[in-house]
Amino acid sequence: MKIKDLILKTEKINWQELEDLQPINLKNNYHCEKTKQSIIKNGFARAIYVWQDGDKIKIIDGHLRTSLLIELKNDGYEVPDKLNCTFLDLPNKKAAVKYLLQVFNQKTNPINESNLDIWLDDIEINLDDIEIKIDELHIDIT
């Protein structure tokens, strides 16, 4: 079986023009302040993972970081207009959602199950469509 390289390219683009694939409340951002302080202290050092859907570029991984960059910019920090984004070779929205849920879903930033259900309903995708079982995901059960 061949391992596919899903990285199309990495380039600096205007991060403020990116669109979110996931809703703002999908994940419970327990480490939000820790991430914000790390960006202030250490700079921006991890590319935003994106998927290009026609003329729109959607964030697969980096939603929290881009939200924090907006906050920091509003607080008076100088944030570069262009940051590195890694473009993933994903054929459609179902593949992008599956990748977001299977690859970038972490225990440190678990998904809110009720918000997941609402989001998937809104975008007309269910876990069976993308061959994911709920017990495969990091879900916040608190």
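Student: So which order do the strands of the open sheet come in?

Tutor: Keep in mind that this is a predicted model. Five strands make up the open sheet, ordered β1-β5-β3-β4-β2, and the pairing is mixed.

Student: And which strands stand at the edges?

Tutor: Those are β1 (7-14) and β2 (19-20). Each has a single partner strand, so one side of each is left without a neighbour in the sheet.

Student: Let's walk across, then. How many bridges join β1 to β5?

Tutor: Seven, and the two strands run antiparallel. If you want a spot to look at, Lys 12 has Asn 84 in β5 as its bridge partner.

Student: What sits over the ring of Phe 87?

Tutor: The charged end of Lys 9 does, 4.7 Å from the ring's centre.

Student: OK, and β3 with β5: parallel or antiparallel?

Tutor: Parallel, with three bridges joining β3 to β5.

Student: Is β5 mostly covered or mostly exposed, and how many of its residues are buried?

Tutor: Mostly covered: five of the seven residues in β5 are buried.

Student: Next one over. How do β3 and β4 run?

Tutor: Antiparallel, with five bridges between β3 (residues 48-53) and β4 (residues 56-61). Gln 52 stands opposite Ile 57 in β4, and Asp 53 is opposite Lys 56 in β4.

Student: Which residue in that hairpin takes a positive phi?

Tutor: Gly 54, with a phi near 65°. The hairpin of β3 and β4 has two residues between the strands.

Student: Why is β4 described as largely enclosed?

Tutor: Five of its six residues are buried, so the rest of the structure largely encloses β4.

Student: And in which sense do β2 and β4 pair?

Tutor: In the parallel sense, over two bridges. Asp 20 stands opposite Ile 59 in β4 there.

Student: Switching to helices. Which strands does α2 lie across?

Tutor: Helix α2 (residues 63-74) lies across β2, β3, β4 and β5 (82-88). Relative to β4, helix α2 runs at about 110°.

Student: I've got my eye on Cys 32. Where is it found?

Tutor: In helix α1, which covers residues 32-42.

Student: Why does Cys 32 count as partly exposed?

Tutor: Its relative accessibility is 23%, and buried means under 20% while exposed means over 50%, so Cys 32 falls in between.

Student: What is Cys 32 in contact with, leaving aside neighbours within four places in sequence?

Tutor: Leu 64 and Leu 68. There's also Arg 65, which is 33 residues away from Cys 32 in sequence but 8.6 Å away in space, C-alpha to C-alpha.

Student: Zooming out, how many helices and strands are there in the protein?

Tutor: Four helices and seven strands. From the N terminus, the run is β-β-α-β-β-α-β-α-β-α-β.

Student: What percentage of the residues count as buried?

Tutor: 41% of the 142 residues. The protein exposes about 8,800 Å², and 47% of that comes from carbon and sulfur atoms.

Definitions and conventions
Residues numbered from 1 in each chain as written. Predicted model: local features only at pLDDT ≥ 70, side-chain atom pairs only at ≥ 80, totals over all residues. Heavy atoms only, no water. Buried < 20%, exposed > 50% of the residue type's maximum accessible area, 1.4 Å probe, protein only. Areas by Shrake-Rupley, 256 points an atom, 1.4 Å probe, with all protein chains shown as cover. Pairing = 2+ DSSP bridges. Contact = heavy atoms within 4.5 Å. Axes fitted to C-alpha atoms, helices over the stretch in contact; angles between N-to-C directions. Lys NZ or Arg CZ within 6 Å of the ring centre and 35° of its normal.
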